[in-house]
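Keep the structure open and follow along.

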Amino acid sequence: VYIDSDVTVEDDVAKLWDTDMKGYLLAGTNDVLVSAWQNYDSGARAYFKYLGLGETGKYLQAGVIVWNIKEMNRQYRQEEPVYESITTKYILADQDILNIFCKDRIKFIDQSWDVLNRTNDISNFCMKYLPRFMERALRLSYESPKAIHYTESSFPVKNPERMFSQMFWKYAYGTPFMDTLIKNRISNIKKYIEEKKEDVKPADKEKQPLLKGNEFVQISDEGIIIGKGGELSGPNMILHKGKHVLSVYKESGKDIRFEIRAGARHIPLLEGTIRNHANQYSFALAEAQWDVEVIIVNDSEDTVHLKNVSLE
């Protein structure tokens with residue numbers, strides 16, 4: 001039985017050990033957010049279809065897993081999934097790889113064994129796009145979770161308002177980490193207050209500049225110079241439902257590629273090539289997206305000079 005380090009267990013974990021694994025390599029819960037994406041008309045759905053994982057309700061959430069080690073060793077050499085992880089880039093990394101290697105040999109168990117600490121908005125998105133049977137299973141898991149998964153940005157120190165954040169603290173209390181957790185929480189509150197002072201939502205600004213570049217990028221008032229191997233990214237903003245436009249003015253240089261993605265799991269929203277001097281790329285969102293980021297990469301031998309990049 002494997003459990004992520006960011007999971008708290010609310011039931012007897014020995015029950016997982018009793019799972020009948022005959023004919024299966026892995027057992028775990030559905031990733032309900034992925035299942036919602038599979039039914040939602042976006043780049044994420046195309047991505048999972050490309051992996052051969054487009055069927056809703058058959059994608060494992062890798063936070064809590066029962067492994068059939070003997071059968072897995074008979075099926076694969078240890079080097080095979082490791083080699084795949086090194087040679088191919090996946091959006092959900094090890095989780096994608098496990099689902100590819102174990103496709104059609106995953107046993108799906110009670111959804112309450114891996115309940116993610118989501119916002120109400122994300123939960124409502126899942127409810128909207130999940131098949132009826134999965135929606136019901138998700139609702140029941142919220143009522144009586146057996147294991148709660150505090151993934152990435154849902155960590156209660158950062159986001160106390162999420163569904164199960166308060167339950168986290170009963171385990172944190174009395175541990176050697178409690179003082180550090182409280183200090184981090186206070187720091188995040190101060191940061192939140194400072195952000196609120198500005199009283200400006202990222203999506204309400206007229207345009208959002210891209211501010212980050214690697215060592216092959218120079219950013220100045222004169223523009224942006226992207227050398228060979230240069231990558232520009234940002235601004236990790238919120239985009240509301242509706243139409244949006246990426247505007248790029250290229251002074252000189254060869255064609256370079258871009259992609260727009262959202263969230264910690266890098267949901268693909270749009271990709272293309274910047275070819276002309278003045279470029280505008282329009283796209284529409286059926287739902288609000290968080291942490292939206294534009295990535296511009298120079299794979300050519302030429303230096304590219306951009307005068308303006310904005311997302312609105």
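## The chain as a whole

Of the 312 residues of the protein chain, 44% count as buried. Please bear in mind that this is a predicted model. The chain has 10 helices and 18 strands, and its C-alpha atoms fill a box of roughly 65 × 45 × 40 Å along the principal axes. The accessible surface comes to about 17,600 Å², and 50% of it belongs to carbon and sulfur atoms. If we take the contacts in the chain with a separation of 6 or more, residues 24 or more positions apart account for 75% of them.

Let us begin with helix H3, residues 43-50, where Ala-44, Tyr-47 and Phe-48 are buried. These residues lie on the same side of H3, because they cover an arc of only 90° around the axis. On the other side of the helix, Lys-49 and Tyr-50 are exposed.

What covers the buried residues of H3? The cover includes helix H2 (32-38), helix H6 (93-101) and strand S15 (267-274). Just after H3, Gly-52 takes a positive phi of about 80°.

## Helix H6 and its partners

Helix H6 has buried residues of its own: Gln-95, Asp-96, Ile-97, Leu-98, Asn-99 and Phe-101. They pack against H3, helix H5 (79-87) and the strands S3 (26-28), S4 (64-67) and S5 (106-108).

Two residues in this part of the chain deserve a look for their backbone angles. Most residues other than glycine have a negative phi. Ala-93 is not a glycine, yet has a positive phi of about 50°; Ala-93 is found in helix H6. Asp-104, also not a glycine, has a positive phi of about 70° and lies in the loop between H6 and S5. Is Asp-104 buried or exposed? At 62% relative accessibility, Asp-104 counts as exposed.

| Residue | Relative accessibility | Class |
|---|---|---|
| Ala-93 | 38% | partly exposed |
| Asp-104 | 62% | exposed |
| Phe-258 | 4% | buried |

Phe-258 is found in strand S14, residues 256-262. With 4% relative accessibility, it counts as buried. Which residues is Phe-258 in contact with, leaving aside its neighbours within four places in sequence? They are Leu-246, Leu-270, Glu-271, Gly-272, Thr-273, Ile-274, Tyr-281, Ile-295 and Ile-296.

Two packed helices are described by the angle between their axes and the distance between the axes. For helix H7 (residues 120-129) and helix H8 (residues 132-143), the axes come within 9 Å and cross at roughly 150°. Angles over 145 degrees count as roughly antiparallel, so H7 is roughly antiparallel to H8.

Which residues of H7 and H8 meet? Ser-123, Cys-126 and Met-127 in H7 meet Glu-135, Leu-138, Arg-139 and Tyr-142 in H8. By class, the contact has 4 nonpolar, 1 polar and 2 charged residues.

Notes: Residues numbered from 1 in each chain as written. Predicted model: local features only at pLDDT ≥ 70, side-chain atom pairs only at ≥ 80, totals over all residues. Heavy atoms only, no water. Axes fitted to C-alpha atoms, helices over the stretch in contact; angles between N-to-C directions. Helix = DSSP H or I, 4+ residues; strand = E, 2+ residues; numbered from the N terminus. Parallel < 35°, antiparallel > 145°, perpendicular 65-115°, else oblique. Contact = heavy atoms within 4.5 Å. Nonpolar A, V, L, I, M, F, W, Y, C, P; charged D, E, K, R; others polar. Buried < 20%, exposed > 50% of the residue type's maximum accessible area, 1.4 Å probe, protein only. Arc of directions from axis to C-beta. Areas by Shrake-Rupley, 256 points an atom, 1.4 Å probe, with all protein chains shown as cover.
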